[in-house]
Every structure is written in C-alpha cells, then in structure tokens.
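Colleague: Could you zoom in on one part of this model for me? I'd like a close look at a single position and its surroundings, with your cut-offs spelled out.

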Amino acid sequence: MSAVPKPLLSLRQWRVAFGANEVVHGIDLDVAAGERLALVGESGSGKTVTALGVLRLLGSARLSGHCWFDGEDLLQASEARMQQVRGQHIAMVFQEPMTALNPLFTIGDQLAEVFLLKMALSRQDAWHRCAEMLRQTGLTPVDRFMGSYPHQLSGGQRQRAMIAMALACKPKLLLADEPTTALDVSMRDKFWICSTPCKEKLARPF
Ligand SMILES: Nc1ncnc2c1ncn2[C@@H]1O[C@H](COP(=O)(O)OP(=O)(O)OP(=O)(O)O)[C@@H](O)[C@H]1O
Ligand SMILES: [Mg+2]
C-alpha cells in the first residue's frame, strides 16, 4: 500500500478579519504536490483573501489559524522569509492583472526582474527565459510583447503576461485567482494550469 502524500499546503482554522469584520471563518484545506484544488464560492465569499492571506499580502488584515507550507507555518515566518517564499516557492496569478503589473515598466523588464532577482540569472539568460515564457503563454511575436507596457496589451494578454510571471520561477505552488476570466472562451479550455511540477504548465496549442 502506498503512503498518503504529505500536503504541500495545509490551512487549518484559517481566518481572515478586517477589524471586527471576519470574512473567512476558519477553513481547513489540503493541497498535495501535483494536485489541483478549486476553491468555489459566490462573489465576496473570501476566495481572494484566503489566497492573499497565504502570501501575507493583506496589509492590515488579521490572519489566524495555521498555514503550513512544506512543513513551515507561514503565519510565523519573518517578512524576509516571506519575500523568498513569494514568487519563488508560491506564486499567484492575481484576479486583476492591471493592478498587479507595474504600468511604468515593459512586460520584458518585469518578467526579467523575476529571473534576475529570484533566480540570479545573467541578463542574457534572463532575457532568453523571458522569451521562452512569453512563447509558452502565446504572447508572440515575443519581441513586440517584451517591449510593450501593460496598457498596450489587451486584458487577456495582460493575464497571460501575469501567468508567465507567476510560472517563471517554477514555484511549488501556484495560486490562480480566476486566471482565465479575461481570456476569450475558446482559449480557456486550452489554457489550463496546475500546481506542480510547473514546467510545461500550459497546455497546447502554445
Ligand atoms: N482590504 C479589504 N478591507 C476590508 N474588507 C475587504 C478587503 N478585501 C476584501 N474585503 C472583504 O472580504 C470579503 C471577501 O472578499 P474576496 O475578494 O476574498 O471575495 P471573492 O470570493 O474573491 O469574490 P469574487 O468572486 O468577487 O472575486 C468581501 O466581503 C470583501 O468586501
Ligand atoms: Mg476574488
């Protein structure tokens, strides 16, 4: 009999509150490596804040419970540790790409920064990896998209750029917050995402 795999992410009694207003009321969930888990709920039910809370990106919100990631309770982790975890170990495709992308930098520069800072690649290698990621997400011709600013992209193209950025470091876990809402319907079923391994995450036809 094979052993039950240890979860990569475990939330226990996970609560999120803004002041006196508790918006996530103690959820438990497990995600194993290579597993996909969908969080389903009506608008305002707390899907986004649950995910943002895992990355401790909620500013003034009060988080409680346990958030075990790969054996480490992220609620107890230092901010310096969280900076390593974000992007490198857990990446997120945000619900609103326009607020997540920096309007002042080109897509190429923002994507390259991930490789330069998180993976310490040389400029040339970073550029090659950027091109590869853009090709995988269907943003071709690559040169055009590398030099484009976020406002020069359509909503769906921005969402693809976000997906490319999230997958760049091959994270162990990908939090995908409605990652295909801006993609046209014919593309959505071709653009599936899973948690790990993160290589070849995006299915054909790209
Ligand atoms: N920064 C904040 N300050 C106060 N309340 C907030 C904040 N962010 C979210 N909320 C509240 O938390 C609740 C959950 O919001 P959340 O964005 O997680 O919903 P959701 O399930 O992702 O909804 P949707 O499907 O519309 O994206 C909502 O009632 C929202 O108003
Ligand atoms: Mg949401």
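**A glycine and the helix around it**

Modeller: Gly108 is buried, because 20 other C-beta atoms lie within 10 Å of its own. The cut-offs here are 20 or more other C-beta atoms within 10 Å for buried, 12 or fewer for exposed, and anything in between for partly exposed, with C-beta atoms placed from the backbone. Please keep in mind that this is a predicted model, where local features need pLDDT of at least 70 and side-chain atom pairs count only at pLDDT 80 or more, while totals for chains, interfaces and linings use all residues. Residues are numbered from 1 along each chain as its sequence is written, and chains are lettered from A and ligands numbered from 1 in the order in which they are written.

Gly108 belongs to helix H4, which covers residues 107-118. Helices (H or I, at least four residues) and strands (E, at least two) are DSSP runs, numbered from the N terminus. Leaving aside residues up to four places away in sequence, Gly108 touches Cys130, Met146 and Gly147; two residues are in contact if their C-beta atoms, placed from the backbone, lie within 7 Å. Arg144 is 36 residues from Gly108 in sequence, and their C-alpha atoms are 9.5 Å apart in space.

Now for the helix pair. H4 packs on helix H5 (residues 123-136) at an angle of about 120°, and their axes are 9 Å apart. Axes are lines fitted to C-alpha atoms, for helices over the stretch in contact, and angles run from 0 to 180 degrees between N-to-C directions. H4 and H5 are therefore oblique to each other: under 35 degrees counts as roughly parallel, over 145 as roughly antiparallel, 65 to 115 as roughly perpendicular, and the rest as oblique. H4 brings Gly108, Leu111, Ala112, Phe115 and Leu116 to the contact, and H5 brings Ala126, Trp127, Arg129, Cys130 and Met133. Of these residues, eight are nonpolar, one is polar and one is charged. Ala, Val, Leu, Ile, Met, Phe, Trp, Tyr, Cys and Pro count as nonpolar, Asp, Glu, Lys and Arg as charged, and the others, Gly among them, as polar.

The loop between H5 and helix H6 (142-146) holds Pro141, and the peptide bond from Thr140 to Pro141 is cis, with omega near 0°. Most residues other than glycine have a negative phi, and most peptide bonds are trans. Two non-glycine residues to check on the phi side are Gln13, with a positive phi of about 45°, and Lys170, with one of about 50°. Gln13 sits in strand S1 (residues 7-18) and is exposed, because it has 11 C-beta neighbours inside 10 Å. Lys170 lies in the loop between helix H7 (155-167) and strand S6 (173-176), and its 15 C-beta neighbours inside 10 Å make it partly exposed.

Of its 206 residues, 30% count as buried. Among contacts with a separation of 6 or more, 61% come from residues 24 or more positions apart.
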